[in-house]
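Subject: Structure handover

Hello,

Here is the structure you are taking over. Please open it first; my notes on what was found follow below.

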Amino acid sequence: MFTPILRVRETGDPILRQKAVEVPAAESRSRPIQDLIAMMRETMRYTPGVGLAAPQVGFPLQVVVIEDKEEYLRRYTLEEIKERGRKPIPFHVLVNPRVVAHAESRVAFFEGCLSIPGFQAVVSRYTTVRVEALNEFGQLRTIDADGWYARILQHEIDHVNGVLYIDHMESRSFTASQEFERYWKGKSTAEVCAALGMSLPREGGT
Ligand code: ZN
């Protein structure tokens, strides 16, 4: 079956600022939601990205897809991968996801968003989160995540609540991607903060 790629909405589109609507458990197995999930999966892989929320493709629903592939990690050094706690995450679906618990500690790294193409910024996120969500079969699941996966979950759950990373970013670090590649890639967050004259985002507590 041909699965269309959807247009990714960019910042300024009001749908990215609305709280998305919950999907009843029984509805998550419906044909329209299954079709939406398939289109989101193809759009995320095509773009490519490691996560996508339904509002980003024009549907104000609390549906998220996540997948971090081994091949995406090849762009990074082993040190960068280890520092970020990044590991391959198989494709999965979260319906009505919410953070129900989190660590007090935070960690700050550059992150980007498909809806803010061409830019990145340092964002401080909780180091671990516990998330509850339905899967695509309407079953309640609890996820305990750390490392980069915890960051992806926080970023995507923000999307279904109308929040973008630019709401939390260290604004002095906001960087065009080509300048990121030129000046900041490979530097630790502490080095970036020192160079930009910013204090390191608080990592020890909230
Ligand atoms: Zn995003």
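The model is predicted, so please read everything below with that in mind.

**Zinc site**

Three residues coordinate the zinc ion: Cys-113 through SG, His-155 through NE2 and His-159 through NE2, at 2.1 to 2.2 Å. Along the sequence, these donor residues follow the spacing C-x41-H-x3-H. His-155 and His-159 both sit in helix 3 (residues 147-160), and because they are four residues apart there, about one helical turn separates them. Both histidines, His-155 and His-159, are buried.

Leaving aside residues up to four places away in sequence, His-159 touches Gln-18, Ala-53, Pro-55, Gln-56, Cys-113 and Leu-164. One of these contacts, Cys-113, is also a donor to the zinc ion.

Five strands make up an open sheet with antiparallel pairing, and their order is 1-2-3-6-7. Strand 1 (51-53) and strand 7 (140-146) are at the edges; each has a single partner strand, so one side of each has no neighbour in the sheet. On average, neighbouring strands of this sheet are turned by 40 degrees against each other, direction ignored.

Within this sheet, strand 2 (residues 63-68) pairs with strand 3 (residues 89-102) in the antiparallel sense, over five bridges. In this pairing Ile-66 stands opposite His-92 of strand 3. Helix 1 (residues 31-46) packs on the sheet and touches strand 1, strand 2 and strand 3. The direction of helix 1 makes about 40 degrees with that of strand 2.

Is His-92 buried or exposed? With the cut-off for buried at under 20% relative accessible area, His-92 counts as buried because its relative accessibility is 18%. Not counting residues up to four places away in sequence, His-92 touches Val-64, Val-65, Ile-66, Ile-143 and Tyr-149. Along the chain His-92 and Phe-110 are 18 residues apart, and their C-alpha atoms are separated by 24 Å.

Strand 5 and strand 8 are joined in the antiparallel sense over two bridges. At one of the paired positions, Phe-119 has Ala-176 in strand 8 as its bridge partner.

**Largest pocket**

The largest pocket holds about 980 Å³ of space. It is lined by 41 residues, and those closest to its centre are Arg-75, Tyr-76, Glu-111, Gly-112 and Gln-120.

Which elements supply the lining? At least two residues each come from helix 2 (78-84), strand 4 (106-111), strand 5 (119-126), helix 3, helix 4 (177-184) and helix 5 (189-196). Helix 3 gives the largest share of the lining, with five residues.

Regards

Technical notes:
Residues numbered from 1 in each chain as written. Predicted model: local features only at pLDDT ≥ 70, side-chain atom pairs only at ≥ 80, totals over all residues. Heavy atoms only, no water. Donors = N, O, S within 2.8 Å, 3.2 Å for Na, K, Ca; no water. Buried < 20%, exposed > 50% of the residue type's maximum accessible area, 1.4 Å probe, protein only. Pairing = 2+ DSSP bridges. Axes fitted to C-alpha atoms, helices over the stretch in contact; angles between N-to-C directions. Contact = heavy atoms within 4.5 Å. 1 Å grid on protein atoms, 1.4 Å probe; cavity = no way out; pocket = protein on both sides within 12 Å on 5 of 7 lines; lining within 4 Å. Points joined across faces, edges and corners; volume = space filled by probe spheres on them.
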